[in-house]
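I opened the file to take notes on strands, packing and charged pairs. The entries follow in the order I looked things up.

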Amino acid sequence: QVQLVESGGGLVQSGGALRLSCTASGRILRINDMSWYRQAPGKQRELVAVITSGGMTNYADSVKGRFTISRDNAKNTVYLQMNSLKPEDTAVYYCNADVTPLWTSRNAYWGQGTQVTVSS
């Protein structure tokens, strides 16, 4: 069984910063891509940023230059540093990991989500 646990959400004023963390645990052979998604009320879940196991990154246009995704492979952890936050960044943020577990097939796993609220 693989679990993803997120932390770091909260309430921040416009222009502020937050850092999200997500740690994978369980019987893991390998973690491939790790990603952050978000879902605002009444909207579909959208990809925010992705990082490969080799460290290549890609971002949604709406967060380029403000958000930075990184990972620590030794700790099975992915981070999302969010700077210059705007009210439109308000959403539940979800961690996603493409994992090859021990003894079972490769699959995508989701965290439980963490709320980020940016006040104007």
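**Entry 1: the hairpin**

I started with the turn between β7 and β8: the two strands form a hairpin with four residues between them. Asn76 sits in that turn and has a positive phi of about 55°. I note that the model is predicted.

I then looked up the pairing within the hairpin. β7 and β8 (residues 77–82) run antiparallel and share six bridges. Asp72 stands opposite Thr77 of β8. Ser70 has Tyr79 in β8 as its bridge partner.

**Entry 2: the sheet around it**

Where does β8 stand in the strand order of the open sheet? I read the order as β1-β3-β8-β7, four strands with antiparallel pairing. β1 (2–7) and β7 (67–72) are at the edges with a single partner strand each, so one side of each has no neighbour in the sheet. From one strand to the next the twist averages 15°.

As a reminder to myself, strands of a sheet pair through backbone hydrogen bonds, either parallel or antiparallel.

**Entry 3: burial and the core**

Is β8 mostly covered or mostly open? I find it mostly covered, with five of its six residues buried.

I looked next at the largest nonpolar core, which has 31 residues. Trp36, Leu80, Met82 and Tyr93 touch the most other members. At least two core residues come from each of β1, β3 (18–26), β4 (28–39), β5 (46–51), β7, β8, β9 (91–101) and β11 (114–119). β9 gives the largest share, five residues.

I listed the contacts of Leu80, leaving aside neighbours within four places in sequence. The list holds Leu18, Arg19, Leu20, Trp36, Val48, Ala49, Phe67, Thr68, Ile69 and Tyr93.

**Entry 4: charged pairs**

How many salt bridges does a search of the whole structure find? The search returns five. Side chains of opposite charge can pair when their charged atoms come close.

I went to Arg38 first. Its side chain meets that of Glu46 in a salt bridge at 2.7 Å, N to O. Arg38 also forms a salt bridge with Asp89, where the closest N and O atoms are 2.9 Å apart. Asp89 lies in the loop between β8 and β9 while Arg38 is in strand β4, so this pair ties together parts that are 51 residues apart in sequence.

I then looked up the accessibility of the three residues. Arg38 counts as buried because its relative accessibility is 6%, under the 20% cut-off. Asp89 is buried too, at 0% relative accessibility. Glu46 is partly exposed, at 35%.

Which residues are linked in a network of salt bridges? I note Arg38, Glu46, Arg66 and Asp89.

**Entry 5: another pair**

I also looked up Lys64 and Asp61, whose side chains meet in a salt bridge at 3.1 Å, N to O. Lys64 counts as partly exposed at 47% relative accessibility. Asp61 has a relative accessible area of 64% and is therefore exposed, the cut-off being over 50%.

Conventions. Residues numbered from 1 in each chain as written. Predicted model: local features only at pLDDT ≥ 70, side-chain atom pairs only at ≥ 80, totals over all residues. Heavy atoms only, no water. Pairing = 2+ DSSP bridges. Axes fitted to C-alpha atoms, helices over the stretch in contact; angles between N-to-C directions. Core = buried A, V, L, I, M, F, W, Y, C linked by side-chain atoms within 4.5 Å. Buried < 20%, exposed > 50% of the residue type's maximum accessible area, 1.4 Å probe, protein only. Contact = heavy atoms within 4.5 Å. Salt bridge = Lys/Arg side-chain N within 4 Å of Asp/Glu carboxyl O.
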